[in-house]
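Here are a few friendly notes to read alongside the model. Please keep the viewer open as you go through them.

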Amino acid sequence: MTTPKPSRLRDRSELGVSALLLLLGVLVLTDALTLDVDVTARGPVGPATVPLVVGCGLLVVAVLLALDVLHGGRGEAEGGEDIDLDAPADWRTVLLLTGVFLGFAVLIGPLGFPVSGALLFWGAAYALGSRHPARDPLIAAVLSLLTYGVFDRLLGVPLPGGPLMGVL
């Protein structure tokens, strides 16, 4: 039995990742360098510092990856561990999760984060296979309230409270 000879393009597919990283690095650097920043008001470390470092890092990684691939380096093939790589995708789960996320995006405004977050957590658990009708909604509500409390109260990131704004 002969194994098929890999194509030249398939051997160099990581170059596409390198090109994507290069493009992303250029985009980040372009945005960072076009920021309107007053150096005297901010000091030497301003809002452009981190994007400049990240953009330069992306460029360096893109170049190093391209050099490695051109010198024969290859990424390790997916071992799959306990996953059957020949099995078809589970589109039911993907569609359920997509619906849950879209529902969360639509409901966060009128219902607020605590209620829509609980629906998000419960819906994701259901879509991923959990079937405990008493436990799942309770855990989802606790997670949602904890997340709301941490972000809104502790971190100072305002999240919409919805109808529960006066209660929380």
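Does Y126 count as buried, partly exposed or exposed? With a relative accessibility of 32%, Y126 counts as partly exposed. Do keep in mind that this is a predicted model.

1. Aromatic pairs. Searching the whole structure turns up two aromatic pairs. In one of them, the ring centres of F104 and F113 are 5.9 Å apart and the planes meet at 85°, so this pair is edge-to-face. F104 counts as buried, at 17% relative accessibility, and F113 counts as buried too, at 9%.

2. The stacked pair. W122 and Y126 make a stacked aromatic pair, with 5.8 Å from centre to centre and 25° between the planes. Both residues belong to helix 5 (residues 91-127), where they sit four residues apart, about one turn of the helix. W122 counts as partly exposed, with 36% relative accessibility.

3. Helix packing. Helix 2 (residues 14-33) packs with helix 4 (residues 49-70) at an angle of about 160°, and their axes are 8 Å apart. Because angles over 145 degrees count as roughly antiparallel, helix 2 is roughly antiparallel to helix 4. The crossing of helix 2 with helix 4 is left-handed. Their contact comprises 21 nonpolar, three polar and one charged residues.

4. Annotated spans. An unreviewed UniProt entry annotates residues 48-67 and 94-125 as "transmembrane region". In the model, residues 48-67 are 95% helix and 0% strand, with 29 Å between the end C-alpha atoms. Residues 94-125 are 100% helix and 0% strand, and their end C-alpha atoms lie 13 Å apart.

Note on methods. Residues are numbered from 1 along each chain as its sequence is written. This is a predicted model: local features need pLDDT of at least 70, side-chain atom pairs count only at pLDDT 80 or more; totals for chains, interfaces and linings use all residues. Side-chain values use heavy atoms; hydrogens and water are left out. Axes are lines fitted to C-alpha atoms, for helices over the stretch in contact, and angles run from 0 to 180 degrees between N-to-C directions. Helices (H or I, at least four residues) and strands (E, at least two) are DSSP runs, numbered from the N terminus. Angles under 35 degrees count as roughly parallel, over 145 as roughly antiparallel, 65 to 115 as roughly perpendicular and the rest as oblique. A crossing is left-handed if the near helix is turned anticlockwise from the far one by less than a right angle, and right-handed if clockwise. Ala, Val, Leu, Ile, Met, Phe, Trp, Tyr, Cys and Pro count as nonpolar, Asp, Glu, Lys and Arg as charged, and the others, Gly among them, as polar. UniProt positions are given in the numbering used here, feature names are shortened, and annotations may be inferred rather than shown by experiment. Rings of Phe, Tyr and Trp (its six-membered ring) pair if their centres lie within 6.5 Å; planes under 30 degrees apart count as stacked, over 60 as edge-to-face and the rest as tilted. Buried means under 20% relative accessible area, exposed over 50%, partly exposed in between (1.4 Å probe, protein chains only).
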